[in-house]
Each structure stands twice: as C-alpha cells, then as structure tokens.
Amino acid sequence: MRTWSRRVTVFTSVLTAGAVLAACGAGGRPDDSEGGSADVVGVTEDSIKIGAHFPLTGVAAPGYSEIPSGHKAYYEYVNANGGIHGRKIEFVVRDDAYNPTQTSQVTNELVLSDEIFAMVGGLGTPTHSAVVDFLNGEKVPDLFVSSGSLQWGDDVESKPYTFGWQPDYETEGKIVGQWVKQNMPDARVGLFLQDDDFGEDGEKGLRQYLDKQIVATERYTSGNTDVAPQIAALQAADVDVVLGFNTPSYTALTQLTAKKLNFDPKWFYSNVGSDPELVGSLLARFSEGAVKDGSSLLDGVLTTEYIPGVDTPDDPWMELWQQVWDEHGGDAKLTNYRVYGMSQAYTFVQALQAAGPNPTREGIVEAIEQAGTEFDGPALAPFRYSGDSHMGISGLRVSELKDGKADPLTPVLVTDIGDTPITEDNSGAGNDSPPEDGIPDPIS
Amino acid sequence: MTEFAQRIWSSTLARHVLLAAAGLVAVILVLESTSAFRNGQFAVMAYMGIAAGGLTVLTGLNGQLSLGHGAFMAIGAYTTALLLSDWDSAPPLLVVLLAATLVTLVIGAGVGVAAARLHGPYIAGATLALAIAVPGIALYFQGTLGGEQGLTVAVPAVPDWFADVAYFITGNDISSSKYVAYIGWISLIVTFVLLANLSRSRVGRTWRAVRDDDVAAELAGINLGRARVLAFVVSTACAGLAGAVLALAVRLAAPSGFTLVLSLALLSAVVLGGLGSLLGALVGAALLTFLPQVVTGIGLDAGLSDLQAAELAPLVYGLTTMLVVILAPAGIVGTARIAWRKRRAHT
C-alpha cells in the first residue's frame, strides 16, 4: 500500500511538473494582441509577417520545396530596396510534408503562434483544403494558393478571403482541348488523369471540346508508381495522342513505361507535369541511369505555359529573376519552381502596394478585388480577380518542348470556367516588362 | 485519516478515479494557461495518446504487434466525418464519438478474429496490409468518401452549457480549438481510466498470461483466442476514438493523413514511452507532438534555412529513438520505473 501512495506521489508530481513546464513553453501573452488597440495582426511600423505551408520533406518535396526559396529571395530583394511603405516583408515557411494532418497543425502555428498577417502561396489541393475553412473563419487573407483547383476562386461567398493564382485546371483543359480539336481533328484521344480535383477539373475542360474524340480515360492514384496497366490500356485503345493531367513524377513514369511497351503516341502534358529539367532528372533516377539525357526524351512533347521560365533567359522578367536570385538566392541554381515562387511573390507585393500605407486584412482583400485585373506581372494573361471571382491567371499558351525549351505554338489564349469562349488575349499582359527597380509601383 | 487514505488507495477503481480527477485538474490548468496554438497541439497529443494507449495495451500486455492502428484511426475519422458533414443535421458530439468507437470496434472484431489465429510477425504482416489497404478504400469510393481530397468535418459549435461551465470554472471564454482540446483530453482520461482498470482486472491478468506463455495460459484454462480477440477489440476501439478526435482537431479526414507512417509513429511512441505503460504512451505521444515543432523552431533560431530546419526534425526524432533504445531499452517510463524500484530495494 505504501508503494502505491509513493508511486502516486511520483505520478502526480510528474504530471504537475509537466503541466508547469508546458505552461512555460507557451511563451507568454496569448491574448494581449487582441486587446483594445486597432493593431493589425502581423503588421508593425516596420515589418509585415506572412507565411505558408509547403512540402519541404517527403515525397512531394522535390521541386515544390524550391518554391518558398523563390518567395524569400524576392522579399529580401524588396527589403534591401527599402521594403513596401517602409515595412520589410518577413516570410515564414512551415513544412507539412504534403500531409493534410500536418498542414492543419502548421497552419495553426502560423496563424495562432507566428501571428501572420496573411497566408501567401500555401501549396497543394488536398493539403490546403484542410485549412481553407479555418483561414476564412479566422479572417486571414489566404492569397494565391499554389494549386489550380477551382475551389479557391469559384465560390467567393463561402471563401471570401481565399484567392487562386495559377490558371485553374478547367481553363487549361479547355484551351488544350480546343487546340487538339483544331490541330488533330481525326486523332483518337486518350486521357491520363490524376484521380483528384486536378484530373477531374482538367477533364471537365477537355470534354467541352473533345468529348467525341476521347476513346480512353485512364486514372492513377498518386503514390502508386506502377502505371503499366493504364499505359497498356491506352495502347490497346490505339490512341494517337495522350493528354496527361499529372505531376512531374508521373510524366517520367509514363514516358519510361511507354518506352518499355513500345508505345509511341503524341504526348501532351499539363503545365504542372512538364518541367523539362525536373522530369529529366526524374527520368535519369527512375531508369537507374539508363536514360542519360532525360530532357531530350521529351522532345516533341506538347505542354502549356503561363509565366516565362528558365528556358527564356532573355525575357525581361527572367532577367529580373536572375538578378534577384544572384543577389539573394544563395548558391543553388535558378529553377522554374523558384521562378514560380518569385512570380507569386511579385503579385503579393503588388497587392500590398494596392492595399495602401496602412494595410488591413479586409483592406488587402478589397484591394485585390478592385485592382487585381490591372496587376501587370510576369503572367502572360491577366488575373480574373473581382468581387464575384477569385480565380487567378485567365489563360496560357500551347507550346512544344525542344531541347528542354518551350517553343510557343499559339498566341496567349484566355477564357474562364464554364462555357466562356476562348479568345486571343489582347490585354498585352504577355508583353509588359518589369519596372526599372524590379518592384511593382503602387497603382494610382 | 492515513488509514482511510490507504483504504482508498488500495481500491483500484477509487485510485484510478482519483488520479483521473487530478489529471482533469492538470488538463484544465494547462489548457487555460497556454495559447490557442498550444491548445491545438494538446489536442493532437490527446488523440495520439488515446491511440498509443490502446496500442500499448495490445502490444505491451497481450504481446500482439499491430502495424495497422493508423487504419483503425482512419475508420474512426471517416465515421466522424460522415456524421459531421453538415452543421445542422449533425447528431450530438457524444453520439458521434461513441459511433466512431463502435464502428471501429466492430471492424476491429472482424480483423481481431483473423489476427488471433496468427502469431508474432504474421499479425504484424496482416495489420500492415490493413494500413496500406484502408486509405485505398477512400480513393475507390470517391463519391461517398471524397477520394484524395477527403471529407471536411464541420466542428459543431461549443454548446452553451459547456461554455457556461467553462466560464464558471476558468473565467475565460472558450474558443473552438480549446473546445476540441477539452474533448480530446476528456476522452483520453476516460479511456485511460477504463484501460487502467481493465489491465488490473482479471481480464488484464489473462492477457499477460497469454503474452508470457500461451501454453501455460491454456493449461490454466484461459481461452487463448478469446483473450487475443478481446485485447484486439479494446485496442481498436481506442484507435477509433482517437480517429474521431483527430477528425475534429484536423477538421478533415483524408487518405494522406493515414499512411503507414502514422501506424509506425504510434508504435514508436509506445516503444519510446515504454511498452505496456499508459503513462509511457502519453510520454510518447507528447514527444511525437512537440519534438518536431520545437526542434524546427530551435533550428530556425539557430539560423538554419527553412529546409534544413524542417529536415532537422526527423533527424532528431530518429536520434532520440536510437538513444532511448540504447540507454533506456524499456522505454522512458519503463526504465525510470525500473530505476525507481531498484533504488527502493536498496534503501
């Protein structure tokens, strides 16, 4: 009996000690910042704190983990040039390993502990869906989600604080569908789709134009690396062109599997899955060195573009990104993922300029809704932001890969979700160049 | 007075209930004195603790190794998500938690009957298959289970009576994340009291007997199959409840949240804390929850890049596991207990 009372004493003291320790760990004032003053969370006299969740570790890390480094480099460039309205931008990155459970935890940390002003560029469809309601509930601006799912922009009423950025997959599907219909009217079309919003939204767009031409639809589950059944089914359906809405790993896997099966259709990959450099290195890795010059294997592959990339070093935007990266990026090479991050960062700085010298959470949302279509940036087509739509870039162009470079086949085409017709872009968004100092001017 | 106290302590139930009450007070103190973000982390610790508690009973007391507890959490989480898909027509939370536990229990019974026929590594293999297969079910039935995207969970508003009680006791208004943390910890305390009683009862002794020597146990009249299935069912019910709390805390049930990594993380929590010890399960859950985030924070403060700091977390966790296995082979709580007993034996 005495044993027990002693043991209980130990148990209780451990528990109490634990409780005291945990209480210390919380780090002070949980509620102070909400007290009387009109302070905006995350904004001080000379700084503004933003953050996002990215997969820095795990299966989705190759490629995607480079996006935040692009963000950081551009913010540091802006900070080195005096910041925005005298405020320096601080970007907090948290790793979610592309696991929605962790996304939820790190977003809690970003919003409640780091107290960010806004989330900028949170990556992934399944991951970000886990936190989008929380962010809107807490009224945290949820800007420029790194995913082309429709849900970030097509329902402003239920997600007033969330904005998309890249062209949504349905828009991309429509433009790809129309191009195939016009240029390969007799081709038998096969689809290779990721089994989630990505493939589903893309298919919705494609079917608007190709419903009669599609003879086979194959889906894959992300994580299952055996695509031989799908490729064999496409081969059996005797398709002439395969349209793939898949991630870079699956571009490499489909290419290798098709080689094995002696299947040689025309390939068309959505923008997400077509980065020649990453796919090339994946090809080399998956084939255990059998494929040496991976990017040349992609010669003749069709894809789409909506921002200038590393294959066009003479583009004025690329010159700016190169300069920013050389000054603030560190030793690693500039890649298309870093360019993506910098392009997003540029849009955020524009939004911050538009929100004026005293930004508030509601203010920046309003500013993007009002001025968003006017934002000049690296994007080839203008944004669609308004009070009714938070959809991002409105279009893209079709191009063909040659020696790891994209060769444009069409002018920039723009459209919207639903049955909006596809038109040639006449806004000139693709021809603008960055301002002299590389920092967007306030919109007057 | 001391005699009275001793009599109380000698009764298992009274002792556990008293400990639970002390635990509840500690929980209230901790949750009320920490920030909303820490509240969220404590909710995570609670569901990891519940699942690890169930697993430690199965593995530590009954000697069955399950690599599939993540799958049972998925079943609990999906049941919760299906019941809480709508704000208005949602049943009371207690019903939801019980339903998630019951559904998982029934499925656990089915698996348990099969697992009871297996031994050692074969149970591990069978449950491993389960951990891989169950997330696939959500992908296959995309229409009802939401596919890769998963199902979002509408966390019910804090009921008025609960808010009033909380305000009466603590003087603070209760936020939704704190509410979920309370639900998690109350569930944990209830579960642990039940598990502690069970393991000190005849059932628990049967489990230990089966673990230590199944031939001897059978000779003593114990029905091996029944003991094993029962342990498995109890353990999976805990995992189901943990899954339900997870769904509330994360507000989502998606297949990528229930990969094999989750099952292995639970097992590593149990091993780190000390096999068979509920307190150990709690310590393991705390390590699993707080270590990565704290280490990443330290890494960032020390000037590492985001990427390096993120990679530091799994590294430190791995090293911690190795150190524990080398220096404290019975787990943190297990080794501490042995040291404590030794010291007492000397004095």
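This is a predicted model: local features need pLDDT of at least 70, side-chain atom pairs count only at pLDDT 80 or more; totals for chains, interfaces and linings use all residues.

Student: Which residue in β9(A) stands opposite Leu243(A)?

Tutor: Strands (E, at least two residues) and helices (H or I, at least four) are DSSP runs, numbered from the N terminus. Leu243(A) stands opposite Phe268(A). Their strands, β8 (residues 241–245) and β9 (residues 266–269) of chain A, pair in the parallel sense over 4 bridges; pairing requires at least two DSSP bridges. From β8(A) the chain passes through helix α10 (residues 248–261) to β9(A), a right-handed β-α-β crossover.

Tutor: Residues are numbered from 1 along each chain as its sequence is written, and chains are lettered from A and ligands numbered from 1 in the order written.

Student: Is helix α14(A) buried or exposed?

Tutor: A residue is buried if 20 or more other C-beta atoms, placed from the backbone, lie within 10 Å of its own, exposed if 12 or fewer, and partly exposed in between. In α14(A), 19 of the 19 residues are buried, so the helix is largely enclosed by the rest of the structure. Just after α14(A), Gly356(A) has a positive phi of about 85°.

Student: Into which domains is chain A divided?

Tutor: Bounds come from an automatic or database domain assignment: domain 1 covers 47–167 + 310–393 and domain 2 covers 170–305. Their C-alpha centres lie 28 Å apart.

Terms used:
A crossover is right-handed if, with the strands pointing away from the viewer, the path from the first strand over the helix to the second runs clockwise.
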